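Please keep the sequence and the structure in view while reading.

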Amino acid sequence: MLSKSIEEALNRQIKIEGDSSQVYLAMASWAEVQGFEGISTFMFAQSEEERMHMLKLVKYINQRGGQAKISSIVEPVLDLSSYKVLFKQLLEHEIKVSESINDLVGIALDERDYATHNFLQWYVAEQIEEEANARYILDKINLIGDDKGGLYLFDNEMKNFTSPVTTAK
Ligand code: OFO
């Protein structure tokens, strides 16, 4: 059985994951319209992943005797001035999500809820991967600079992005 405070903290994370899904959906849609086929494919897949992260929490809360809360959708506030700016925001966003996962782990430990602590380890590993992916992609973008051919190849590569790290799943 979850304590009220753990249930509330996990429910806050449901909202964060749901918002993440919206953020990446907005990025995907922007990239699609700009003609970045690879980047949009990547962002659509990211959006799906975030939804999966959210659903995992919904199931866990309900299985442990709590009640998952599904909140309203918030319109993402994004700077859509360039693909580079897009990926910078992706990294900043993931750093914030990592902080919220860390806070959750802290709450689980404070309450000696080891089942929740164990459950959260998947998210800890996932955040390592997501931050590493974002840094890896930003490094590539910095290498491209203003080279149009490089951008074309980069976008093509993003269609089948494979993570340089495989810590979760
Ligand atoms: Fe759910 O990992 Fe990104 O936000």
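UniProt, in an unreviewed entry, lists residues 1–145 under "domain: Ferritin-like diiron"; UniProt positions follow the numbering used here, feature names are shortened, and annotations may be inferred rather than shown by experiment. The model is a predicted one, in which local features need pLDDT of at least 70 and side-chain atom pairs count only at pLDDT 80 or more, while totals for chains, interfaces and linings use all residues. Residues are numbered from 1 along each chain as its sequence is written, and side-chain values use heavy atoms, with hydrogens and water left out.

Over residues 1–145 the chain is 81% helix and 0% strand, and the end C-alpha atoms lie 53 Å apart. Helices (H or I, at least four residues) and strands (E, at least two) are DSSP runs, numbered from the N terminus.

Within this stretch, helix H3 (residues 83–110) packs against helix H4 (residues 114–144) at an angle of about 160 degrees, with the two axes 9 Å apart; axes are lines fitted to C-alpha atoms, for helices over the stretch in contact, and angles run from 0 to 180 degrees between N-to-C directions. H3 is therefore roughly antiparallel to H4, a term that applies to angles over 145 degrees. The contact of H3 with H4 has 20 nonpolar, six polar and six charged residues, where Ala, Val, Leu, Ile, Met, Phe, Trp, Tyr, Cys and Pro count as nonpolar, Asp, Glu, Lys and Arg as charged, and the others, Gly among them, as polar.

In the loop between H3 and H4 sits Arg 112, whose phi is near 55 degrees, a positive value in a residue other than glycine. Arg 112 is exposed, with a relative accessible area of 60%; buried means under 20% relative accessible area, exposed over 50%, and partly exposed in between (1.4 Å probe, protein chains only).

The unreviewed UniProt entry also carries the annotation "binding site", which covers Glu 17, Glu 50, His 53, Glu 94 and Gln 127. Although these residues span 111 residues in sequence, no two of their C-alpha atoms are more than 13.1 Å apart, so they gather at one spot.

Helix H5 (residues 148–158) has as its buried residues Gly 150, Leu 151, Phe 154, Asp 155 and Met 158. Seen down the axis of H5, these fall within an arc of 135 degrees, so they line one face of the helix; the arc is that of the directions from the helix axis to the C-beta atoms. The face of H5 turned away from its buried side carries the exposed residues Tyr 152 and Leu 153.

Note on methods:
Parallel < 35°, antiparallel > 145°, perpendicular 65-115°, else oblique.
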